[in-house]
Amino acid sequence: MWMRKRKKDDEEEQEKEEKWDWDGGDFGVYMKEKERKLREQHEADLEAEGGESGFFFKGVVVWVDGFTNPGRDELRRMVYKGGGKLETYFHPRIVTHVVATHFPKFKIVHLQKAMMSNQVHQYVVTPDWIVKSLSQKRRLPESEFLVPGLRDETQSVLNLAQRSGSTELSAGRSMGKTSNPEPASVVAGVGTDVGEDTDPDKFAEKLLHKSTRENPNFVRDYFSASRLHFIGSFRARYESLIAAVAMHRGCSASDLLRTKGTTKENGVMRSIIHIDMDCFFVSVAVAKDPSLAGIPLVVCHQHGGEISSASYEAREKGVRAGMFFREAVKLCPELKIVTYRFEDYERVTFQIYCIFYELSPVVEAVSVDEAFLDVTDADLPQDILAAMPELSNMPPAERIALTIRRRIAEETGCPSSAGIGANKLLARLATKRAKPNGQFYLSDEEAVQYVADLPVRDLPGVGWSTGGKLQELGVERCDDLQRRSLSQLQALVGEKNGESLYRACRGQDDKQVQPMKVRKSLGAEASWGVRFYEDEGLKMHDFVRDLAAVVSEKLQEARAVGQRITIKVYWKMKNASLPHKTLGHGPCDIYNRSVKTERTSDAKTIAEKSIELLNAVKIPPQELRGLGIQVHDLVFLDIVDSSGSNIARFLKQSSTSVGGSTASNPASAKIPSPKLVDSSSLPSGWDESVFRSLPKHVQQEVLEEHRQNQRQDQRARSAGRTSTKSETRSENAPESKPQKKNSRRKPTGINAAVRASVRAKGCA
DNA sequence: ATCCTCCCCTAC
DNA sequence: TAAGGTAGGGGAGGAT
Ligand SMILES: Nc1ccn([C@H]2C[C@H](O)[C@@H](COP(=O)(O)OP(=O)(O)OP(=O)(O)O)O2)c(=O)n1
Ligand SMILES: [Mg+2]
Ligand SMILES: [Mg+2]
């Protein structure tokens, strides 16, 4: 059976549900608490270091943005040595120096502006400033270490700031860019010899230099050109984005995350806005080159391939994201292509989030072009209202949405749409109706009837598979769904999903708008361009090492270590037909293998474990079509004592003491949770509620550690789980079945024409 | 019952 | 620049 993960249906708004809650703790408080603990810890560390080697960093407070080399921990040590400090979260009144190696261009341009108008008071330097200063034991001039983009443009900005009040930026240059259309990156829609059943491997040959077979820098090159990597990494970048927004607004990162969304409880009607950019990637291109406006246009790679985003003119012809260009051009012969501009998308994302945070007290990031805002208790500020008398008769949520959309259009040149409703579901459904370039309020009274008329596939969470199952039951629209009993739905899709469906088709949803979530896992994978020869086992291992290095960087950036490593192996199926996509993975069996490890974020360790797992799969190199490495059971290091995180020690002291925080145990959150372990079985002196709030695997670990400590009853040992032996089933099981992707039979009878049809949308 | 592990599904 | 990533919710089914 052909393996496809992408569906051709029109793309839907997503709904990300947050099950997990800390019972009252909010992220803002969490961050504040972490900051406080960190400061205490720094002081302790400083003492422990036994004397610094100077005071040349006196008054210096560093914040590290993203991944750096040397790493954050190393930089922290160095800064301490010089008598300075390092903060974990950006705060404009505390931080004096931002340290970064990769600083996106948009931030640089933005910073220049902000610095000139005296709004930013931080130096933005490379790690070298710290390294070299320390080695010379004196504070070297920052101006020589400004991050590359700033170096040329605004030398020693901070010194200039006084005389520059309103000085225009040096003529043209980077700023001029925004007004100049780019040199045509547009390609005529006449793909070379598309449409023919050309042997994909003919093309593949030409492309081999980009594959693992011939490109030693494959992993990085691939990721930097992959749109799915770009949108998939959004969450990982979000903390850094928040810091940039905070810098822009002159507040701290935790200020932005402090307020949690309202709940349904008090009976007050909630007001939720869902806002999403119209054909985001396309719009960014059109904003840059207005001559592209109004034509059928898609974003994808130069030679076709998969479409990332389609203009609304293209959609009228049935063109959709996820289609191959060669299919799309059959529907729309005059279709034009623009190529990717990831830096620009990143800049626009930054701009729209600045606006969200300015006009809404609660923001939940959904993606690179989309967010939920809880504006139940909000309205526009007086000055805006005064300047816009035409808004005075509009309900607050609607005028907030309108103002945000206008601001987005002004500042980015891109259209957006917004939906407003009493819950996230209705807001999201309203957005769909509002597009393009409109907004729509879906009132509670209309909600049930409105939802009843929708195809079930429009409900967030109902995708290709669930939609097919429902159709087999004869369920097409939500009113069909409304007639099914709860238990019937649960029998079909399971208990929780059944209940969600049952409620969703009635327009009900009580999930909160959540400012921030704690990551539970992280990883990297590539399943394109993976090709090795039979005798290239060693090269294959290099590939694993490259992926492991990426994963390691992500761990460091997240300030976490992991305790479980999982690999995912794409193994070309026997007699697999050629991949549909050039150099794609084609039909594959997928094998997952995982091991527990000591806590680690180290690239070598991750590579070694992954290679062991891969070897256990015994795949001939020439049949490998993709590989992923994931890390689970994360422990966050923010608050861990630097010696190496002994959680038992943390538990032993009161709840205010030091410990690691894990995904389900934000440090210092005290969570009464259902009894898991009889308190009498806990070692005396342990804080029971803290213990219970730990995830299972940490509880186990802690108990194990305690037992060992008792046995040897000697000094504390380095933490980490000890030999609980090869725990994974997959390791023990001689043969575990490969996962078959989409082994489910494709739902029959879905009418392609229906799927492709575009519903006419009204705009507000 | 509840937990644990390995998937499947979904969204962007 | 032909680049099918990333992460979470949660179900199935065996272990405890
Ligand atoms: N299959 C997909 C879906 C999305 N994207 C990228 C390109 C989109 O521009 C961006 C945002 O996704 P949306 O679902 O919001 O789609 P658009 O913004 O393009 O269109 P719409 O107006 O429907 O929101 O993510 C992608 O690369 N591939
Ligand atoms: Mg969009
Ligand atoms: Mg979107």
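Modeller: A residue is called buried when its relative accessible area is under 20%, exposed when that area is over 50%, and partly exposed in between, using a 1.4 Å probe and protein chains only. The model is predicted, and local features need pLDDT of at least 70, side-chain atom pairs count only at pLDDT 80 or more, and totals for chains, interfaces and linings use all residues. Residues are numbered from 1 along each chain as its sequence is written, chains are lettered from A and ligands numbered from 1 in the order in which they are written, and side-chain values use heavy atoms, with hydrogens and water left out.

By that definition, Asp 276 and Asp 369 are both buried. Asp 276 counts as buried because its relative accessibility is 5%, and Asp 369 because its relative accessible area is 11%.

The magnesium ion (ligand 2) is held by Asp 276 (OD), Met 277 (O) and Asp 369 (OD), at 1.9 to 2.2 Å. Along the chain, the donors of this ion, the magnesium ion (ligand 2), have the spacing D-M-x91-D. Its six donor atoms make angles of 74 to 178°, and the site of the magnesium ion (ligand 2) is octahedral; for six donors, this term requires opposite donors to be over 155 degrees apart and all others between 65 and 115. In general, the ideal angles for six octahedral donors are 90 or 180 degrees.

The magnesium ion (ligand 3) is coordinated by Asp 276 (OD), Asp 369 (OD) and Glu 370 (OE), at 2.2 to 2.3 Å. The spacing of the donors of the magnesium ion (ligand 3) along the chain is D-x92-D-E.

The two sites are joined through Asp 276, which bridges the magnesium ion (ligand 2) and the magnesium ion (ligand 3), 3.5 Å apart. Distant parts of the chain are linked here: Asp 276 belongs to strand β6 (residues 272–277), whereas Asp 369 sits in the loop between β10 (362–367) and β11 (370–374), 93 residues apart. Strands are DSSP runs (E) of at least two residues, numbered from the N terminus.

Definitions and conventions. Donors = N, O, S within 2.8 Å, 3.2 Å for Na, K, Ca; no water. Tetrahedral: all angles 85-135°; square planar, octahedral: opposite > 155°, others 65-115°. Helix = DSSP H or I, 4+ residues; strand = E, 2+ residues; numbered from the N terminus.
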